[in-house]
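Good morning, and thank you for joining this group meeting. I ask that you keep the sequence and the structure in view while I speak.

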Amino acid sequence: MNIKNYGDVLYGQVVCIVKEIEILVNLINISYCAMKLLPYQDEAFSKYQTESVQEFRFALSEQIRQVVLLIFHFLLT
């Protein structure tokens, strides 16, 4: 492989990595927007309208963890 072809391969890999990073950034932005909008769309989460996204995410993850543990408990017994 000569240097020119190696540069083309390296450039292709960099472009692929940049596109993957762009997809991840877009996914993070979509998740953030969903976390901001959910308290206004569902009455069950309305108490989090004045809370930060981080506090809401923590509360939501705690509820999900409890449900998952409850499901595993029922599956194992």
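I begin at L76, which is exposed, with a relative accessible area of 75%. The place of L76 is in helix 2. Please bear in mind throughout that we are looking at a predicted model.

L76 also takes part in a nonpolar surface patch.

Let me now step back to the chain as a whole. Its secondary structure amounts to two helices and zero strands. Helix 1 spans residues 3–41, and helix 2 spans residues 53–76. Of the 77 residues, 10% count as buried. The chain exposes about 6,800 Å², and carbon and sulfur atoms supply 67% of that area.

I turn next to the interior. In general terms, nonpolar side chains tend to be buried together in soluble globular proteins. Here the largest nonpolar core has seven residues, namely M35, F45, Y48, V53, F56, A59 and L60. Which helix gives the most to this core? It is helix 2, with four residues.

M35 lies in helix 1. Is M35 buried or exposed? With a relative accessible area of 16%, M35 is buried, because the cut-off for that class is under 20%. Leaving aside neighbours within four places in sequence, M35 is in contact with V53, F56, R57 and L60.

M35 and Q54 are 19 residues apart along the chain, and their C-alpha atoms are separated by 9.0 Å. C33, whose place is also in helix 1, is 20 residues away from V53 along the chain, with 9.3 Å between the C-alpha atoms.

I come now to charged side chains. As a general point, side chains of opposite charge can pair when their charged atoms come close. How many salt bridges does the count give? The count comes to one salt bridge. In it, the side chains of E62 and R65 meet at 2.9 Å, N to O. These two residues are three apart in helix 2, so about one helical turn separates them. E62 counts as partly exposed at 24% relative accessibility, and R65 likewise counts as partly exposed, at 41%.

Finally, the cysteines. A disulfide is, in general, a covalent bond between the sulfur atoms of two cysteines. How many disulfides does the structure hold? It holds zero. C16 counts as partly exposed at 38% relative accessibility, and C33 counts as partly exposed at 42%.

Thank you for your attention.

Terms used:
Residues are numbered from 1 along each chain as its sequence is written. This is a predicted model: local features need pLDDT of at least 70, side-chain atom pairs count only at pLDDT 80 or more; totals for chains, interfaces and linings use all residues. Side-chain values use heavy atoms; hydrogens and water are left out. A nonpolar core is a set of buried Ala, Val, Leu, Ile, Met, Phe, Trp, Tyr and Cys residues joined through side-chain atoms within 4.5 Å. Buried means under 20% relative accessible area, exposed over 50%, partly exposed in between (1.4 Å probe, protein chains only). A salt bridge is a side-chain nitrogen of Lys or Arg within 4 Å of a carboxyl oxygen of Asp or Glu. A disulfide is a pair of cysteine sulfur atoms within 2.5 Å. Patches are made of residues with over 30% relative accessible area and no salt bridge: like charges are joined within 9 Å, nonpolar side chains (Val, Leu, Ile, Met, Phe, Trp, Tyr) within 5 Å. Accessible areas come from the Shrake-Rupley method with a 1.4 Å probe; for residues, only the protein chains shown count as cover. Contact means heavy atoms within 4.5 Å.
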